[in-house]
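Thank you all for coming.

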Amino acid sequence: GTRRVTIVGVTSNPDAVWVTQQARNLSMDGELEGVFFLIRDRDSKFTASFDEVFRSEGAVVIKTPVRSPKANAFAERFVGTFRREVTDHVLVLSRNHLLKVALAFQDHYNSHRPHRGIDLQAPESIGSAPEPILVGEIRQQKAVGGLIFEYHGAAA
């Protein structure tokens with residue numbers, strides 16, 4: 001409903017144990033409160049123990065149909081956006097570097113980047129009306145290490 005993204009970690013070899021642990025970490029941090037549905041594909045790394053973490057938090061687990069990548073379009077769109085806007089322009093040096101870049105993009109994506117499906121609002125600003133800003137009061141701010149620019153009203 002909000003298109004909010006949470007980056008939980010990065011690894012070169014995600015397996016069932018790693019994915020399940022990331023789900024447990026989300027649960028322990030309280031990030032699954034208010035989550036009613038988990039839509040996931042049928043990859044073998046998503047095991048019954050992974051699903052159980054979400055079920056224990058009250059979420060309904062929905063598996064996408066076989067061979068239908070459009071069934072999980074929101075996740076696919078985020079991956080494409082991250083590739084086009086970030087990794088196509090950054091030489092990733094290590095796992096920690098990728099995590100740092102991904103978390104910076106997560107902040108930009110959730111707090112500033114407009115989304116067509118939610119009336120050109122960022123997920124964190126849903127329901128709040130934008131304040132009018134005069135052209136001379138607009139300030140540019142670098143995001144994601146200078147890769148992306150955000151524009152804000154000047155501080156009063």
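I will start with the chain as a whole and then move to helix 1.

Please keep in mind that this is a predicted model, in which local features need pLDDT of at least 70 and side-chain atom pairs count only at pLDDT 80 or more, while totals for chains, interfaces and linings use all residues. Residues are numbered from 1 along each chain as its sequence is written, and side-chain values use heavy atoms, with hydrogens and water left out.

Along the sequence, their pattern reads α-β-α-β-α-α-β-β. The C-alpha atoms fill a box of roughly 55 × 40 × 30 Å along the principal axes. Of the 156 residues, 25% are buried, where buried means under 20% relative accessible area, exposed over 50% and partly exposed in between, with a 1.4 Å probe and protein chains only.

Now to helix 1, residues 16-28, whose buried residues are Val19, Thr20, Gln22, Ala23 and Leu26. Seen down the helix axis, these fall within an arc of 155 degrees, so they line one face of helix 1, the arc being that of the directions from the axis to the C-beta atoms. On the other side of helix 1, Val17 and Met28 are exposed. What covers the buried residues of helix 1 includes helix 2, residues 48-56. After helix 1 comes Gly30, which has a positive phi near 80 degrees.

Methods
Helix = DSSP H or I, 4+ residues; strand = E, 2+ residues; numbered from the N terminus. Contact = heavy atoms within 4.5 Å.
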